[in-house]
Amino acid sequence: MRRGCRTRRPERTGNVLRTATAQDVGGARAVMLDTVYHDLRSGYVPRWHADIIDLEGAYLLPERCTLLVVVRGDEVVATGAVRDRGPQAPPNPQWVADRFPSGSTAQLCRIYVRPEHRRHGLARRLVRELGDFAARAGGYTSLYLHTDPAVPGAEPFWRSLAQEVCDERTLPDGGQGIVHFELPMPAPRDLATLHIR
């Protein structure tokens, strides 16, 4: 049995937040690739985005990783994931990589919402559920993420939830221009409830 997210009853909006299944992979990948091309404007870069191509191997199969989706009808409209590896150096500053080592760091990633579904609290709900997953998974001592402040709304959103660790724009060489954050690790709850993925 795998621990995951409870399937939430549909809200009045018709959105359902749940742990992704193999049937959700195509829809989740579409949300992620659209975000990479249209919001991040980097396009697909294998060294940064290989997990998007192999969502099952990256998030559905490993015990301490997860992929959550928000589904409206038959469409995946938002995604969020936990991976069990911290930031790597390079390209990240060595001291940031040292502070968030792989294995004990739950990295929040791929928290993407389709533009027409933004500003309805979906990202905030995903972050809460991902933090709960990390707390239940055990062995994680920190919740880490990074964001590209060039994406409209991303930086203020994360500043409302997390503590800045490093703003690379202030480094002498400007780094990658991203901002690293840490979120408080929630206390484990609902430990008696196991969920099948």
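How many aromatic pairs does a search of the whole structure find? The search turns up two. Here, rings of Phe, Tyr and Trp (its six-membered ring) pair if their centres lie within 6.5 Å; planes under 30 degrees apart count as stacked, over 60 as edge-to-face and the rest as tilted.

Select phenylalanine 100 and tyrosine 144. Their ring centres are 4.9 Å apart and the planes meet at 40°, so this pair is tilted. Phenylalanine 100 sits in the loop between helix 4 (94-99) and strand 4, while tyrosine 144 belongs to strand 5, so the pair ties together parts that are 44 residues apart in sequence. Helices (H or I, at least four residues) and strands (E, at least two) are DSSP runs, numbered from the N terminus. Phenylalanine 100 is buried, with a relative accessible area of 1%, and tyrosine 144 is buried too, at 0%. Buried means under 20% relative accessible area, exposed over 50%, and partly exposed in between (1.4 Å probe, protein chains only).

Now pick phenylalanine 157 and tryptophan 158. This aromatic pair is edge-to-face, with 4.9 Å from centre to centre and 75° between the planes. Both phenylalanine 157 and tryptophan 158 are buried.

A word on what you are looking at: this is a predicted model, where local features need pLDDT of at least 70, side-chain atom pairs count only at pLDDT 80 or more, and totals for chains, interfaces and linings use all residues. Residues are numbered from 1 along each chain as its sequence is written, and side-chain values use heavy atoms, with hydrogens and water left out.

Back to tyrosine 144, this time for its strand. Colour strand 5 (residues 142-147): five of its six residues are buried, so the strand is largely enclosed by the rest of the structure. Which strands are its neighbours? On one hand, strand 4 (residues 105-113) runs parallel to strand 5, joined by three bridges. Tyrosine 144 is the bridge partner of glutamine 107. On the other hand, strand 7 (residues 179-183) runs antiparallel to strand 5, with five bridges between them. Click leucine 145 and you'll find phenylalanine 181 of strand 7 opposite. Two strands pair if DSSP finds at least two bridges between them.

Next, show helix 5 (residues 122-137). With 16 residues at 1.5 Å each, helix 5 should span 22 Å, and its end C-alpha atoms are 22 Å apart, which agrees. The expected span is 1.5 Å times one less than the number of residues. Just after helix 5 comes glycine 138, with a positive phi of about 80°. Keep strand 4, helix 5 and strand 5 on screen together: they make a right-handed β-α-β unit. Right-handed means that, with the strands pointing away from the viewer, the path from the first strand over the helix to the second runs clockwise.

Stay with strand 4 for a moment. Strand 3 (residues 75-83) pairs with strand 4 in the antiparallel sense over five bridges, and alanine 81 has cysteine 109 as its bridge partner. Also in strand 4 is arginine 110, which has a positive phi of about 55° although it is not a glycine. Arginine 110 counts as buried at 9% relative accessibility. Then jump to arginine 119, in the loop between strand 4 and helix 5. Arginine 119 also isn't a glycine, and its phi is positive at about 70°. Buried or exposed, where does arginine 119 fall? At 84% relative accessibility, arginine 119 counts as exposed.

Now go to the loop between strand 3 and helix 4, where you'll find proline 90 and proline 91. Alanine 89 and proline 90 are joined by a cis peptide bond, with omega about -20°. The bond from proline 90 to proline 91 is cis as well, with omega near 10°.

Finally, zoom out. An open sheet of seven strands has the order 1-2-3-4-5-7-6, with mixed pairing. Its edge strands are strand 1 (15-19) and strand 6 (163-167), each pairing on one side only. The chain has six helices and seven strands, and 48% of its 197 residues are buried.
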